[in-house]
Amino acid sequence: MEYTIEQIAALCEGRLVKGSTPVSQVQYLVTDSRRISFPNTSLFIALRTPLRDAHVYIEEVYQRGVRLFLVQHLPENNTYTDADFIVVPDTLVAFQLLAARHREQFTYPVIGITGSNGKTIVKEWLYQLLQHDYSIVRSPRSYNSQIGVPLSIWQMNSRNTLGIFEAGISQLGEMPALQKMIRPTIGLLTNIGEAHSEGFTSLEEKLQQKLLLFSGADMLFCNMDDARIEQAVMDTGVSLFTIGHAAGNTLQILSSMHVAGATRIAAVYREVERSIEIPFTDSAAVQNAIACWAVMLYMGVTDVDIATRMKVLQPVDMRLQMVQALNGSAVINDSYSFDITSFSIAIEFLQQQQQYHQKTVILSDLPAFTPDETYSVAAHILAQKQVHRIITIGSKWQSLSRLLTVLPAKVEQYATTDAFLQQTTVHHFRNEVILLKGARVFAFERIAAMLSQQVHRTVMEINLSALAHNLRQYQQRLQPGTRLMAMVKAFGYGAGSAEVANVMQFHKVDYLAVAYADEGVDLRKAGIGLPILVLNVDEAAFDAIVEYNLEPELFSFPILQAFLRFLQHQGLQQYPVHIKLDTGMHRLGFEESDMPALAALLQQQQLLMIKSVFSHLASSEDPNDDSFTHLQARRFERCCDVLKDALRYPFIRHLSNSAAIFRLPELQYDMVRLGIGLYGVDSANEHQLSLQTVGTLTTTIAQLRHVKAGETVSYNRRGKITRDSRIATLRIGYADGYSRKLGYGRGKVWIKGQLVPVVGTVCMDMMMVDVTDVPDVTENDTVEIFGPHLPVQQVAAWSETIAYEILTGIGQRIKRVYFEE
Ligand SMILES: *Cc1c(COP(=O)(O)O)cnc(C)c1O
């Protein structure tokens, strides 16, 4: 659907300030300056959040070709004479109003889903189950927020026959806005639980808020097995389709039974007993499938169709994952669904992987009945981004090959996934990042399996969304104007320096820091353009530093003199450097007594440009040492003052590491250096921070055996077995960074909801754990070494060290898998 800019202004009740632009049609709404695919028909909405005022991106967005803007105020001395601005008091309110007015034009049914868990799964399952009967528009991924919902609603058009949208709230008062946009005719409440409770005073209050989504709906689906829900929904005044075990429910559940990896569920609806079978056994899946079943019955799908479709229900994994593959490549597997929104998100993710110069996209035909123009849109998106090779699978792309052959990329086409697998091998791919984007029926998981290496099944999963979340937690606590340097030394604290640096670059941190020049060189080769500080330099590294535009820390007179000689020799001037002061850590740095000589030296020369002056705190996480920390700060300030008088140009002062940022906000100066906190470890134990786990280390069980009481396990017979036991051998050992100190029951691992102890000595590549008390353990089961269920700090405590050492000690042979939620 397209609107003129005049229509948009009227719809969102804004004041239109016309420029001389010839563009005037709006098809896309953009809130993120980094995600612009169609500048000619996009309206940029400058949202203002506590963290970021998007009005500052107007210039960047304008440079990318956008000429239509929704703003709260015109840019100062507005020089954008060929752009149109709609001015409103509040851009978020206007954005939501626009979505609500857009929604009003459609009369087809809309399913609105909310609840504490399972919203996305139920939405995606309903899509799987009903796509044969309807042309469905739905929320992409988990777009369920105040910004995600209007973006989702904006996708509605007159060709659709059903909408499915999810709504998520985290605070009081958020639901009415979402209700006005979604206006569900059919409501579905998945469940109510503790998730996202911080913004509410009680569970009852949260439930009441969620129910506001359904005002005006014709029918509400809800699970009456939860007494709290039963009570609350009675008062909504909406007709109820109830689900539950008790007689009298619209869909009365009789039984659910596990049968070989599946669950058979029997129920009564309209006095007829019916049953379905789903290929899942966990209770959440059963609950979600039953909700979908109820909706299908209500919508008149036949029992036969329901049963057939339920049997082949596919798991939902909305995460965008990047996995290391053979021949130095990596695979982003996003073959769960294929629509334009998820396609542009995936392409964006591909684009960010600058550590690979070669980018390949393997894509299937879009789902059946997709109009040809959608293929043009997909081709257009590919044209906008640097993709080197496009491999298509499916006959539709073959017939539309002219859309692709005009692009600079190399194009290969195959009729079917089978044909592709027969004609190619992994040798076809080398040192490249490959995006797999395919509709379900093309079974791209077979391509993923061909490309990925599945040798050592111990993996470290890195949650890039959690990394971004943690960054925000700290950014929110910075005084206005304070800059941020992200520490990516030691392979990004084990998480992968290029991958972490990419996220940091995307989120516009100001600086990166590495320990050694080599690490900085790797980042430059991976396409990182941010300024990079190198903490520990020696003369041998000067060449690389200058060649790769890295900025050294100068910490002593000898290193400073050596660098001056080097610059002189090279004929370089004004080279950016950082002065390190020792204020009490006694590791590297100039001392306070060096200041007069240092100031005199710096004053005389033109070769160096002092970008920053900094020092490091010895004990910022420990409140008992706060007086020492402040002593360090006073020394630091005195030294900076001397240098400031000498230099007569501004430089950045920085002192705080993660623990200090939050605990000692008065020490933030001009910049802070964020390390461990980024990776989800709260070194100061300030629980208000709500950091998310970034790294999860898992392995699998190689073998299971019974061991009789009296026997021993592992080297030197130190693992004495005192009862008949079940022992599991895991594919991880001290060569992977799992310390021998964790042997003999000191360390534990998490398996199927329980912590179980390490038995005997940890070996080089393997170790044994006691799983006697865990039912249903089988070989190849996954075991968490640390992660969301077992914090890395706990493992560190068991091995008498700190999380830093555990994270940075995880062996390089362990495959890193990156994903975005
Ligand atoms: C590693 C390091 C940091 C980061 O410390 P965290 O405790 O991980 O936040 C900051 N500054 C310097 C000089 C460092 O070496």
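Mentor: Let us begin with Glu 271, which counts as exposed because its relative accessibility is 80%; exposed means over 50% relative accessible area, buried under 20%, and partly exposed in between, with a 1.4 Å probe and protein chains only. The model is a predicted one, in which local features need pLDDT of at least 70 and side-chain atom pairs count only at pLDDT 80 or more, whereas totals for chains, interfaces and linings use all residues. Residues are numbered from 1 along each chain as its sequence is written, and side-chain values use heavy atoms, with hydrogens and water left out.

Trainee: Where is Glu 271 found, and what is phi of this residue?

Mentor: Glu 271 belongs to the loop between β15 (262–269) and β16 (272–278). Helices (H or I, at least four residues) and strands (E, at least two) are DSSP runs, numbered from the N terminus. Phi of Glu 271 is near 65 degrees, a positive value in a residue other than glycine. Gln 574 is likewise not a glycine and has a positive phi of about 55 degrees. Gln 574 is placed in the loop between α22 (557–570) and β28 (575–581), and its 38% relative accessibility makes it partly exposed.

Trainee: How should I read a salt bridge, and how many does the count come to?

Mentor: Side chains of opposite charge can pair when their charged atoms come close. The rule requires a side-chain nitrogen of Lys or Arg within 4 Å of a carboxyl oxygen of Asp or Glu, and the count here comes to 33 salt bridges. In one of them, Arg 67 pairs with Asp 82, with the closest N and O atoms 3.3 Å apart. This pair links distant parts of the chain, 15 residues apart: Arg 67 is in the loop between α2 (58–63) and β6, and Asp 82 in the loop between β6 and β7. Arg 67 counts as buried at 17% relative accessibility, while Asp 82, at 24%, counts as partly exposed.

Trainee: What does the salt bridge between Asp 626 and Arg 663 tie together?

Mentor: The closest N and O atoms of Asp 626 and Arg 663 are 2.7 Å apart.

Asp 670 is in the loop between α25 and β31, and Arg 653 is 17 residues away in strand β30 (residues 652–654). At 24% relative accessibility Asp 670 counts as partly exposed, and so does Arg 653 at 27%. Salt bridges also link Lys 123, Glu 124, Arg 138 and Glu 166 in a network.

Trainee: Which side chain of opposite charge is nearest to Arg 673?

Mentor: Lys and Arg count as positive and Asp and Glu as negative, while His and the chain ends are not counted. For Arg 673, the nearest side chain of opposite charge is Glu 553, 7.7 Å away; Arg 673 is buried yet has no salt bridge.

Trainee: With which side chain does Arg 673 make a polar contact?

Mentor: A polar contact is a pair of N or O atoms within 3.5 Å; within protein, one must be able to donate a hydrogen and the other to accept it, and residues adjacent in sequence count only if both atoms are side-chain atoms. The side chain of Arg 673, a residue of strand β31 (residues 671–674), makes such a contact with the side chain of His 654 at 3.1 Å.

Beyond its neighbours within four places in sequence, Arg 673 has contacts including Met 485, Phe 614, Leu 655 and Asn 657. Asn 657 lies in the loop between β30 and α25 and is buried, with a relative accessible area of 15%. Asn 657 touches His 616, Ser 620 and Arg 673, residues up to four places away in sequence not being counted.

Trainee: Finally, what order do the strands of the open sheet of five strands have?

Mentor: Strands of a sheet pair through backbone hydrogen bonds, either parallel or antiparallel; two strands pair if DSSP finds at least two bridges between them. The order here is β2-β7-β6-β5-β4, with mixed pairing. The edge strands, β2 (15–17) and β4 (28–30), each pair on one side only. Strand β6 (residues 68–71) runs parallel to β7 (residues 84–87), and four bridges join them. Leu 68 stands opposite Asp 84 in β7.

Terms used: Contact = heavy atoms within 4.5 Å.
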